[in-house]
Amino acid sequence: MKKYSVYLLGLSSLQPIMAQVQTPNIIYIMADDHSAQAISAYGGILADILPTPNISRIAREGVKMNNCFVTNSISTPSRGAIMTGQYSNKNGIYTLDDKLDPAYPNVAKCLRKSGYQTAIIGKWHLGNEPTGFDYYNVLPGQGRYYNPYLIEKGMWGDDPRSEPEGKKEYQGHSTDVITDEAIRFMDRTSKDNPFFLMCHYKAPHRWWEPAKRFKELLKEVKVPEPENLLDTYEGKGKYAELLTMSMEHLNTRDLKTEIPEELSRDELRRWAYQIYIKDYLRCIAGIDENVGRILNYLDEKGLAENTIVIYTSDQGFFLGEHGWFDKRLIYEESLRMPFLIRYPKEIEAGVENNDIVLNIDFAPLFLDYANVEKPLYMQGESFRDNLRGRTQENWRKSMYYRYWMHAEGTHHVTAHYGLRTHRYKLIFYYGQSLGMKGANDKPLIPAEWELYDLMTDPSEMKNIYDDPSKKDLINDLKLELLRLKRLYEDEDSAYPQMKEVIDTYFW
Ligand code: SGN
Ligand code: CA
């Protein structure tokens, strides 16, 4: 338990007054595949179609981060980065098929050691038994939307690396059940110690099964389409033709109806978009309502002042942009994580912040709020000062991204890494599995580069890598990319297979 005794000096008197400053509770709410375009606080074409008043309330009463990015846009690696504050190459969680070693250090362990009551409820997706938590009740794997099974602490079995043994079925929709369980945990916490609660929804992951009460929502509405829904990938590399995550490729399980015959590619996209987006938004309507329940609970219990509330998602998601409905790529919609945070005691209401923050920064941020020193192994940085409007001069101006699960069987996204600055994005599709689990061993040759100017081309439609006038810029960006690879100790020299790729294609 951490209580800090602080001596406050009154202005009119030198008499010290003892005050108890208590470390805050932290509620970390994370949805699965909830893209910022589908949170009304972020604006965009869906804001009026499905307002999210409760999620947006966190922004209204706190800070909205506009440039929060995932370091590897896929569930298990992102969750691993959040738990450890490290990139994939450090924590060993590169693809969906990797697992978090129960013996590995993580942020919940640090918080628990410092006196926090720690819990995770909902989607875990890190394979082995969760460790560092006083309590957990988690979905096995991706979990089910209806009548989900949950595995409670104590039911995993003796070996934390083995398959869990005991699961219990809960009646109802997963978003409602996970919230019920989160509230049940808060009800049981001792008031003497702060708590750290990770509340992780399954929604709105495909195949998008909303709660019954939302099934008819938006039925008569025609949802606006993103302007690049019909993208033909002109100017993009061969990898874009190989992708199978554009809507005309997807399946009847997502669509929940038969695919009409004889539609052209464009007609199919437009038809599928209306079905996908409506079910997706219906799932979000359920989350928004449940976030409202959590915020109301804090109000009713008088906990709002001293509780940090965060809303985010494990990664972004394409909602029809470029014709896609998935993530994995470094493009904006998939790279950007929504990140809203409220902490009335310390941060001002209604603030927007454009600093570049990453999912590896979350663990250091939690520890900072808990007054716990950041362990050396964490690569991220706390952005507590940024949230107070006091960004340090030397705060990062660029970020490093890497997707490792080369050309896996469903979506065929080529392995790539890249750099995003406030203005530019440079991408290298190196196209190798490097032996990663679940990756496809067939390389993509030749390796390919892309460059986008996000100021003039925010939708990333015009690859300007071959523009001769960009030569010096590209050179500088490549040097910066290499600097970050060195900083995070993710250098290509670690892989003999990369030598030829680098020698042939890098410069
Ligand atoms: C499933 C989905 C994929 C999705 C991954 C990862 N296919 O495999 O479309 O990209 O999960 O999602 S499905 O047919 O099972 O729906 S993640 O959010 O867990 O990374
Ligand atoms: Ca996800």
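The model is predicted. Ligand 1 has 18 residues around it, and the protein covers 86% of the 460 Å² of accessible area that this ligand has on its own. Elsewhere, the backbone includes cis peptide bonds, one of them from Ala203 to Pro204, and residues with positive phi, among them His322.

- Ser75, Gln142, Arg253, Arg328 and His411 come nearest among the 18 residues around ligand 1.
- The shell around ligand 1 comprises 9 charged, 6 polar and 3 nonpolar residues.

**Polar contacts of ligand 1**

- A polar backbone atom of Ser75 is 2.8 Å from an oxygen atom of the ligand.
- Gln142 places a polar side-chain atom 2.8 Å from an oxygen atom of ligand 1.
- In the side chain of Asp32, an N or O atom is 3.3 Å from an oxygen atom of the ligand.

**Cis peptide bonds**

- The bond from Ala203 to Pro204 is cis, with omega near -5°, and Pro204 lies in the loop between strand E10 (195-200) and helix H6 (238-242).
- Arg206 and Trp207 are also joined by a cis peptide bond, with omega about 10°; Trp207 lies in the loop between E10 and H6.

**Positive phi at non-glycine residues**

- His322, which is not a glycine, has a positive phi of about 60°.
- His322 lies in the loop between strand E11 (307-313) and helix H9 (332-335), and this residue is buried because its relative accessible area is 0%.
- Asn371, not a glycine, has a positive phi of about 60°.
- Asn371 is found in the loop between helix H10 (362-369) and helix H11 (384-387), and Asn371 counts as partly exposed because its relative accessibility is 41%.

Conventions. Residues are numbered from 1 along each chain as its sequence is written. Chains are lettered from A and ligands numbered from 1 in the order in which they are written. This is a predicted model: local features need pLDDT of at least 70, side-chain atom pairs count only at pLDDT 80 or more; totals for chains, interfaces and linings use all residues. Side-chain values use heavy atoms; hydrogens and water are left out. A residue is near a molecule or strand if one of its heavy atoms lies within 4 Å of it. A polar contact is a pair of N or O atoms within 3.5 Å; within protein, one must be able to donate a hydrogen and the other to accept it, and residues adjacent in sequence count only if both atoms are side-chain atoms. Accessible areas come from the Shrake-Rupley method with a 1.4 Å probe; for residues, only the protein chains shown count as cover. Ala, Val, Leu, Ile, Met, Phe, Trp, Tyr, Cys and Pro count as nonpolar, Asp, Glu, Lys and Arg as charged, and the others, Gly among them, as polar. Helices (H or I, at least four residues) and strands (E, at least two) are DSSP runs, numbered from the N terminus. Buried means under 20% relative accessible area, exposed over 50%, partly exposed in between (1.4 Å probe, protein chains only).
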